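Please find below a short note for colleagues who are examining this model. The points follow the sequence and structure shown here.

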Amino acid sequence: MRLSLLPGLCSLLLGVACKSGTPVTATQAVLDSADQVLLGMSHYVTESGVLRARVRADTAYFFSNSQRAELRNVHVTFYDVAGKATSTLTSKEGTHHWRTGDMEARGNVILIRNSDGATLRTEAMSYSQARNDVTSDVAFTFDSPTQHLRGVGFTSDPQFRNVKTKNLTGTGGQLVLPR
């Protein structure tokens with residue numbers, strides 16, 4: 001009688017052990033559906049042979065059908081037409097649409113301008129290569145040596161020389177109103 005209970009007990013214990021394992025998470029689902037996964041990814045974005053950005057990520061999940069890469073722990077350096085680094089962006093995650101060159105950054109997005117250390121902080125921001133602009137529709141703060149600005153949503157050139165925003169508050173600097 002003891003021997004006949006042993007296989008049933010083993011099956012029960014094995015079933016319980018399997019059910020108490022690690023549940024499938026969103027990251028595992030992305031990992032399972034990605035065409036390629038790169039650890040320590042580095043990618044150079046060029047336009048007409050000129051370096052425009054260097055995109056780095058701890059992990060990149062590539063999806064061929066949608067021609068995009070989902071990135072984790074993102075670090076992007078932007079360059080001007082002369083090849084000089086202009087600003088650096090970091091975020092928890094992002095998306096790179098490699099066909100269009102567009103990028104999205106999400107989660108603790110920080111953009112630092114190299115010329116004066118001006119810093120933009122927001123939770124989400126997008127870059128359009130075709131329009132050569134950055135946009136956001138969520139709250140942001142912008143601090144430079146002469147300004148402290150807060151607002152909700154903006155559109156700007158990548159160097160933040162021409163910024164359009166809504167609900168702007170702040171101190172310092174010069175503000176040029178649209179005509």
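Which residues have the most contacts inside the largest nonpolar core?

1. Core. The model is a predicted one. Its largest nonpolar core comprises 27 residues, and those with the most contacts inside it are Leu71, Leu89, Leu120 and Met125. Two or more residues of this core come from each of the elements β1 (36-47), β2 (50-63), β3, β5 (102-113), β6 (119-128), β7 (133-143) and β8 (148-156).

2. Leu89. Leaving aside residues up to four places away in sequence, Leu89 touches Val74, His75, Val76 and Phe78, together with Ala105, Val109, Ile110, Leu111 and Met125.

3. Asn73. This residue is found in strand β3, which spans residues 68-79. Asn73 is classed as partly exposed because its relative accessible area is 43%, between the limits of 20% and 50%.

4. Surroundings of Asn73. Beyond residues up to four places away in sequence, Asn73 touches Arg56, Ala57, Asp58, Ser91, Lys92 and Glu93. With Asp58, the side chain of Asn73 forms a polar contact of 2.8 Å. Lys92 lies 19 residues from Asn73 in sequence, yet the two C-alpha atoms are 4.6 Å apart in space.

5. Confidence. The mean pLDDT of the protein is 80, and 77% of its residues reach 70 or more. Residues 1-28 have pLDDT below 50, and this stretch has two contacts in the model beyond near neighbours in sequence.

Terms used
Residues numbered from 1 in each chain as written. Heavy atoms only, no water. Helix = DSSP H or I, 4+ residues; strand = E, 2+ residues; numbered from the N terminus. Buried < 20%, exposed > 50% of the residue type's maximum accessible area, 1.4 Å probe, protein only. Contact = heavy atoms within 4.5 Å. Polar contact = N/O pair within 3.5 Å; in protein donor to acceptor, adjacent residues only side chain to side chain. pLDDT = per-residue confidence, 0-100. Core = buried A, V, L, I, M, F, W, Y, C linked by side-chain atoms within 4.5 Å.
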